Structures are given as C-alpha cells and as structure tokens.
Amino acid sequence: MTANVKKIHIPGTLSKKEKKLRDSFLLQVKNIPGGESLKKCIQCGTCTGACPVSYMMDITPREVIALFRAGDIESILSSRTIWICASCYACTVRCPQGVMVTDILYALKRLAIENKIFPKRFPFFALSESSIVWARVM
Ligand code: SF4
Ligand code: SF4
C-alpha cells in the first residue's frame, strides 16, 4: 500500500468526520443489490490479482476493503484508486465471496464527490465532472 494512509482508527473510536463518512457509505451500500456481501470479504486478494489497472492504484481493491474495516474511509477517498478503476467488473466476477467490489468503488466515488475529498495532484475535477454527467444520464 503506497497511499498516504493518515490514521487507523480502532472501531468505536471513530472521529466525527469518519463516522459521518461511514454512515453515508453504509447507506449507499444498502442500496447496492448484494451490497451486504462486503461483510464476507476474506482478504484473499483475488480482486487485486484480477484487476488490470491495480498496478496504477495507490490502494489495491483488497486494501480498500481492509481500510474500510479499519475505520479509515477518508484515506480511501484521498487515494487515486477510485478514480483509476476502469469499471471492468473483473474483480466482482472473480471474487469467491461474491463481494460487489466494483459497485462498492462506485459508492466510494459518489461519497468523494459529495464530500469533496479528492487525491492530491490528480485530474479528479475532470473525472468527477464526467462521473456526474454519467450519473445524470443513467
Ligand atoms: S476477491 Fe473478494 S474476498 Fe477476496 S479480497 Fe477481494 S473482495 Fe475480498
Ligand atoms: S472494476 Fe475496477 S477495481 Fe475491479 S478489476 Fe476492474 S478496474 Fe479493477
């Protein structure tokens, strides 16, 4: 993991900001068909192995789920990963636990836009604008 992971919280001691992010994220996950599969992740790393662009990510798909569990959504939103994801669904198709990895990354992207949390030195403005346009079209 090469991302600048800011802090690892002990569950139950989340900051106000992290708690707000977590609540919004869990609400979005609830609306994803099969979203509750997130709980079933066994950290096997198959998603990362299947991802054609993981070599460009600062946090791998497996690590995204590990950071969520560790109570550090802010670090995920500050990473390039959610913007680099090409939405190819290879991770989701290969996951042995049926975790909806791609849709979870979409939810995190929406959360980043809503909370204006973006990675530094990355053309996220163009990407977030195109995501908003796509969200409106869909
Ligand atoms: S492939 Fe599925 S179970 Fe394995 S680390 Fe990725 S999300 Fe978790
Ligand atoms: S959907 Fe995104 S994270 Fe999953 S394999 Fe494709 S590019 Fe990688």
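Here is a short tour of the model on your screen, one selection at a time.

**Before you click**

This is a predicted model, so local features need pLDDT of at least 70, side-chain atom pairs count only at pLDDT 80 or more, and totals for chains, interfaces and linings use all residues. Residues are numbered from 1 along each chain as its sequence is written, while chains are lettered from A and ligands numbered from 1 in the order in which they are written.

**Stop 1: the whole protein**

Colour by secondary structure and you get eight helices and zero strands. Helices here are DSSP runs (H or I, at least four residues) and strands are too (E, at least two), numbered from the N terminus. Read along the sequence, the pattern is α-α-α-α-α-α-α-α.

Now colour by pLDDT, the predictor's confidence in each residue, from 0 to 100. The mean for the protein is 86, and 80% of its residues reach 70 or more. Select residues 133-138: the pLDDT is below 50 there, and beyond near neighbours in sequence this stretch has zero contacts in the model. Two residues are in contact if their C-beta atoms, placed from the backbone, lie within 7 Å. Of the contacts in the protein with a separation of 6 or more, 69% join residues 24 or more positions apart.

How many of the 138 residues are buried, as a percentage? Buried residues make up 35%. A residue is buried if 20 or more other C-beta atoms lie within 10 Å of its own, exposed if 12 or fewer, and partly exposed in between, with C-beta atoms placed from the backbone.

**Stop 2**

Ala, Val, Leu, Ile, Met, Phe, Trp, Tyr, Cys and Pro count as nonpolar, Asp, Glu, Lys and Arg as charged, and the others, Gly among them, as polar.

**Stop 3: ligand 2**

Which residues come nearest to ligand 2? Of the 14 around it, they are Cys51, Cys85, Cys88, Ala90 and Cys91. H6 and H7 are the elements that give two or more residues to this shell. The largest share, three residues, comes from H7. The classes for ligand 2 are twelve nonpolar, two polar and no charged residues.

**Stop 4: the largest nonpolar core**

A nonpolar core is a set of buried Ala, Val, Leu, Ile, Met, Phe, Trp, Tyr and Cys residues joined through C-beta atoms within 7 Å. The largest one has 30 residues, and Phe25, Ile76, Val101, Ile104, Leu108 and Leu111 touch the most other members. Helix H1 (16-30), H3, helix H4 (73-77), helix H6 (90-94) and helix H7 (101-115) each supply at least two residues of this core. H7 gives the most, with seven residues.

Zoom in on Ile76. Leaving aside its neighbours within four places in sequence, Ile76 is in contact with Ile59, Val64, Leu67, Phe68 and Leu108.

**Stop 5**

Go back to H3, which is mostly covered: seven of its nine residues are buried. Pick out Pro61, Arg62, Glu63, Val64, Ile65, Leu67 and Phe68 to see them. Their cover includes H2, H4, helix H5 (81-84), H6 and H7.

Past H3 comes Gly71, with a positive phi near 80 degrees. Next, select Asp72, in the loop between H3 and H4. Is Asp72 buried or exposed? It counts as buried because it has 21 C-beta neighbours inside 10 Å. Ala70 sits in the loop between H3 and H4, but it counts as partly exposed because it has 16 C-beta neighbours inside 10 Å.

C-alpha to C-alpha, Asp72 and Leu14 are 8.7 Å apart in space and 58 residues apart in sequence.

**Stop 5: two positive phi values**

Most residues other than glycine have a negative phi. Ser87 is not a glycine, yet its phi is positive, about 55 degrees. You will find Ser87 in the loop between H5 and H6, and it counts as exposed because it has 12 C-beta neighbours inside 10 Å.

Finish at Lys116, whose phi is positive and near 55 degrees. Lys116 lies in the loop between H7 and helix H8 (124-137). With 9 C-beta neighbours inside 10 Å, Lys116 counts as exposed.

How values were computed. A residue is near a molecule or strand if its C-beta atom, placed from the backbone, lies within 6 Å of it.
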